[in-house]
Amino acid sequence: AELSTSDVPPELYYEYEMESVDSQQTKLYSFTQSSCSYRVRIAMNLKGIQYEYIPINILKGEQHSEEYKKVKPREFVPTLVIDGQTFIESLPIIEYLDETRPQVPLLPTNPKDKAVVRASCELVNSGIQPIQNLSLIHI
């Protein structure tokens with residue numbers, strides 16, 4: 001059977017057409033203690049990208065606010081609004097930044113070296129990070 005977007009809960013495929021957010025301004029919704037958010041902040045700072053930092057204190061439950069749900073229905077951080085689009089999840093955000101702003105590359109150009117870096121990133125992303133993830137801690 002073919003899967004259509006009508007079969008998928010909206011929080012998983014949210015279109016990210018955001019009229020309520022100024023598309024000309026770069027905004028990073030982030031939490032200082034979130035390793036996912038930290039990765040994005042590091043990449044943005046290395047690339048020299050200026051942005052408005054919008055703190056979302058997940059320890060206080062601010063990610064569940066109605067205002068933030070309009071930005072990211074899944075209620076996680078980070079969320080980056082840039083180039084008139086909204087991006088979620090740290091690694092895809094970083095890849096987007098690297099592909100659209102190649103002046104300061106974050107990845108090596110050699111495919112083998114690039115694979116090693118991506119494997120290291122994935123070890124942190126799926127191996128270490130879930131241990132301190134609030135959604136898992138509260139189970």
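Figure 1. From the N terminus on, the elements follow the order α-β-α-β-α-β-β-α-α-α, which gives 6 helices and 4 strands; helices (H or I, at least four residues) and strands (E, at least two) are DSSP runs, numbered from the N terminus. The model is a predicted one, in which local features need pLDDT of at least 70 and side-chain atom pairs count only at pLDDT 80 or more, while totals for chains, interfaces and linings use all residues. Residues are numbered from 1 along each chain as its sequence is written, and side-chain values use heavy atoms, with hydrogens and water left out. Of the 139 residues of the protein, 32% count as buried, where buried means under 20% relative accessible area, exposed over 50% and partly exposed in between (1.4 Å probe, protein chains only).

**Figure 2. Helix 2 beside helix 4.** The axes of helix 2 (residues 35-46) and helix 4 (residues 90-100) come within 9 Å and cross at roughly 10°, the axes being lines fitted to C-alpha atoms over the stretch in contact, with angles from 0 to 180 degrees between N-to-C directions. That makes helix 2 roughly parallel to helix 4, a term for angles under 35 degrees. In this contact (heavy atoms within 4.5 Å), C36, R39, V40, A43 and M44 of helix 2 meet S90, I93, I94 and L97 of helix 4.

**Figure 3. The largest nonpolar core.** This core consists of 11 residues, namely L28, V40, A43, M44, I49, L80, I82, I93, I94, Y96 and L97; a nonpolar core is a set of buried Ala, Val, Leu, Ile, Met, Phe, Trp, Tyr and Cys residues joined through side-chain atoms within 4.5 Å. Two or more residues each come from helix 2, strand 3 (79-82) and helix 4, and the largest share, 4 residues, is that of helix 4. Leaving aside neighbours within four places in sequence, I94 is in contact with R39, V40, A43 and L106.

**Figure 4. The aromatic pair F87 and Y96.** A search of the whole structure finds 1 aromatic pair, rings of Phe, Tyr and Trp (its six-membered ring) being paired if their centres lie within 6.5 Å. The ring centres of F87 and Y96 are 4.1 Å apart and their planes stand at 25°, so the pair is stacked, as planes under 30 degrees apart are, whereas those over 60 count as edge-to-face and the rest as tilted.

**Figure 5. Surroundings of R41.** R41 lies in helix 2 and is buried, with a relative accessible area of 11%. Leaving aside neighbours within four places in sequence, R41 is in contact with L28, S30, F31, T32, Y51 and Y53.

Conventions:
Parallel < 35°, antiparallel > 145°, perpendicular 65-115°, else oblique.
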